[in-house]
Amino acid sequence: MLACRRCLEDGYDITPPPVFSGRPGAQVMIIGQAPGNTEVLAGRPMNAGSGRRLFEWLAAAGWEEDDFRRRHYMTSVTRCYPGRNSSGKGDRVPTRVEQANCRSFLEREIALVNPRLIIPVGGLAIKLFYASSLRLEEIVGRAAYFSSSRPC
Ligand code: SF4
């Protein structure tokens with residue numbers, strides 16, 4: 001995964017290397033949209049603004065940031081920085097091609113780590129697990145259950 005440059009080869013102006021953290025056996029997996037520039041520079045997911053808010057939520061649930069980073073797995077729908085969007089405000093949402101390119105890595109991560117809890121963060125990650133017709137208010141606070149091999 002670290003050596004992957006598939007999206008660059010497909011012509012997307014991404015910034016590798018892929019960013020993720022954790023190890024097999026982690027009980028919790030966070031899946032975000034894609035790393036930002038600061039995540040690439042720091043070499044760790046959820047490093048800056050988005051991470052601050054996420055770790056405030058996790059702290060409210062009893063998880064302290066350093067301990068969470070040590071024990072659990074953090075990844076994203078695509079793993080390289082996609083760059084700024086054309087308006088210059090915020091980062092570009094990875095295209096369907098980039099998402100498809102990175103999908104096999106996510107499937108392997110979920111199979112290898114086999115977490116008990118997956119927390120999708122942001123619309124792109126949420127759509128991996130819930131019907132796209134659902135509104136955010138219908139999803140937040142609602143759990144989906146999967147067997148170890150496929151959704152049930
Ligand atoms: S985003 Fe994923 S598929 Fe694309 S180059 Fe990075 S690791 Fe490879």
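Trainee: Where is the place of asparagine 114, and what makes this residue partly exposed?

Mentor: In this predicted model, asparagine 114 sits in the loop between H5 and strand E3 (117-120). Asparagine 114 has 13 other C-beta atoms within 10 Å, and since a residue is buried at 20 or more and exposed at 12 or fewer, the value falls in between, so asparagine 114 is called partly exposed.

Trainee: What is the phi of asparagine 114, and what makes the value worth noting?

Mentor: Phi of asparagine 114 is near 50°, which is a positive value in a residue other than glycine. Most residues other than glycine have a negative phi. Methionine 46, not a glycine either, has a positive phi of about 50°, and its place is in the loop between helix H2 (37-42) and H3.

Trainee: How do you know whether methionine 46 is buried or exposed?

Mentor: The count for methionine 46 is 27 other C-beta atoms within 10 Å, and because 20 or more is the requirement for a buried residue, methionine 46 counts as buried.

Trainee: Why is valine 113 called buried, and in which helix does it lie?

Mentor: Valine 113 lies in helix H5 (residues 96-113). It has 20 C-beta neighbours inside 10 Å, and because the cut-off is 20 or more, valine 113 counts as buried.

Trainee: Which residues is valine 113 in contact with, leaving aside its neighbours within four places in sequence?

Mentor: With those neighbours set aside, the contacts of valine 113 are Gly22, Pro24, Ala26, Met29 and Tyr73. Arginine 23 is 90 residues away from valine 113 in sequence, yet the two C-alpha atoms are 6.8 Å apart in space.

Trainee: How do you know that the buried residues of H3 line one face of the helix?

Mentor: The buried residues in helix H3 are Gly51, Leu54 and Leu58, and when one looks down the axis of H3 they fall within an arc of 65°, so they line one face. An α-helix has 3.6 residues a turn, so residues three or four places apart point the same way. The buried residues of H3 pack against helix H4 (65-71), whereas the face turned away from the buried side carries exposed residues, among them Arg52, Arg53, Glu56 and Trp57.

Trainee: What makes the reach of H3 close to the one expected?

Mentor: Helix H3 (residues 49-60) has 12 residues, and from its first C-alpha to its last it reaches 17 Å, which is close to the 16 Å expected at 1.5 Å a residue.

Trainee: What is it about the bond between proline 16 and proline 17 that calls for a remark?

Mentor: The peptide bond that joins proline 16 and proline 17 is cis, with omega at about 10°, and proline 17 lies in the loop between H1 and strand E1 (28-32). Most peptide bonds are trans.

Trainee: How many residues surround the ligand, and which element gives the most to the shell?

Mentor: The ligand is surrounded by 14 residues, the closest being Cys4, Cys7, Cys80, Asn101 and Cys102. H5 gives the most to this shell, with three residues, and the shell divides into eight nonpolar, two polar and four charged residues.

Trainee: How do you know that the protein chain agrees with a compact globule?

Mentor: For 152 residues, a compact globule would have a radius of gyration near 15 Å, and because the protein chain has 15 Å, the two agree.

Note on methods. Residues numbered from 1 in each chain as written. Predicted model: local features only at pLDDT ≥ 70, side-chain atom pairs only at ≥ 80, totals over all residues. Helix = DSSP H or I, 4+ residues; strand = E, 2+ residues; numbered from the N terminus. Contact = placed C-beta atoms within 7 Å. Near = placed C-beta within 6 Å. Nonpolar A, V, L, I, M, F, W, Y, C, P; charged D, E, K, R; others polar. Expected span 1.5 Å × (residues − 1). Arc of directions from axis to C-beta. Rg over C-alpha atoms; globule rule 2.2 N^0.38 Å.
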